[in-house]
Amino acid sequence: MNKLPEATDQRRTILNLYNSGIEPEIISLELDINEDIIKDIIKNESKRDSGHTNNNLSNYLLNKFYLDAIIDVNSVVKEAQFRTWNALKAKPELNIIAKETQNILEQNAESKLRLVMLHIDLVGSTKMALTLPIDRLTTIIRSFAQEMTNIISLYGGYVLKYIGDAVLAFFVIEDTTSDEQYISKVNNLREESETNNGFSSLQFSNGISCALTMIKVIKEGINPILNQYDYPELKVRVGIDYGEVAVVQYGIDIYEFEKIILKKPHLDLIGYTISVAVKMTSLAEADHIVIGQKLYDQLDIKLKDSFRQLKTNTEIWNYANHTNGELYNIFTNN
């Protein structure tokens, strides 16, 4: 490791990185300076906290969900900083856990599943495609896809597909009414998670919790690193809804590997819920979530209070509520 940096510019670089939300541990590794030295420089800086006042996410919400009691979101942010920094130095490695998604689809082929569908896409990607060199553009898209994939997996979800600058994922809503051990576990967690509608609400809020973590990671993990390399900051929109979705087999994919023929069923999901989730994403403000009425109805009271109904009309939104024939209600987080 290097000795205490004497140059004012280097000290300023350290402070700028820290004030951008990058942890001392990561600054130490990337600049090859002892972490204790980094911490001393930060400690002696009177404006040490200036970079930590820009987080507009609701920490209240993040602390209410069951999985966030298990998942250390701050560690997720720190790991995202590591991977993004490395991705800007070399080609990012995207680890896609396709086998788990395939297994779920195969087990439920030609049947219906109750799913929470999550669709997240980048805001302003068309402009980036026109203004950025292709290598910088692909680096951003891969880094974005990598981090979103990691978070989806962390929250027990499955990536269905990547669509340009968007990721489409799903969370299986399981019928656990006969699982006494599960019910007992959730009952014990009820007071901590402050749910009022029983164990089922925990499953439905999981997709929202995942989306909030995604936004937090982008704002506090990815963007501070991109800023250091003169990349544009990323903003996202998320659409989430719940409903029955059909697992459809279109045919068989055939692969040849070392003269061995491998066959795998080509499966996909189809349903109204997917269309709604994808379409409503475009109505979300940057770094916000939009959810549908069906998902909203499954949430506990306190979580419902963190959303407000979006005003829509048939010119911008024409999806109907099949129950009453009126426009399907959608909601956004405050």
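Mentor: Ground rules first: the model is predicted, so local features need pLDDT of at least 70 and side-chain atom pairs count only at pLDDT 80 or more, while totals for chains, interfaces and linings use all residues. Residues are numbered from 1 along each chain as its sequence is written, and side-chain values use heavy atoms, with hydrogens and water left out.

Trainee: What makes tyrosine 158 and phenylalanine 170 a stacked pair?

Mentor: Rings of Phe, Tyr and Trp (its six-membered ring) pair if their centres lie within 6.5 Å; planes under 30 degrees apart count as stacked, over 60 as edge-to-face and the rest as tilted. Here the centres are 5.3 Å apart and the planes make 25°, so the pair counts as stacked. By this rule there are 5 aromatic pairs.

Trainee: Which parts does the pair of tyrosine 158 and phenylalanine 170 tie together?

Mentor: Strand 2 (residues 158-163) holds tyrosine 158 and strand 3 (residues 166-172) holds phenylalanine 170, so parts 12 residues apart in sequence are tied together. Helices (H or I, at least four residues) and strands (E, at least two) are DSSP runs, numbered from the N terminus.

Trainee: How do you know whether tyrosine 296 is buried or exposed?

Mentor: Buried means under 20% relative accessible area, exposed over 50%, partly exposed in between (1.4 Å probe, protein chains only). Tyrosine 296 has 17%, so it is buried. Phenylalanine 331, at 5%, is buried as well.

Trainee: What about threonine 139: buried or exposed?

Mentor: Its relative accessibility is 10%, so threonine 139 counts as buried. You'll find threonine 139 in helix 8 (residues 134-154).

Trainee: Which residues touch the most other members of the largest nonpolar core?

Mentor: Ile208, Ile240 and Ile291, out of 63 residues. A nonpolar core is a set of buried Ala, Val, Leu, Ile, Met, Phe, Trp, Tyr and Cys residues joined through side-chain atoms within 4.5 Å. Helix 10 (residues 200-228) gives the largest share, 12 residues. Apart from that core lies another of 15 residues, including Met117 and Leu160.
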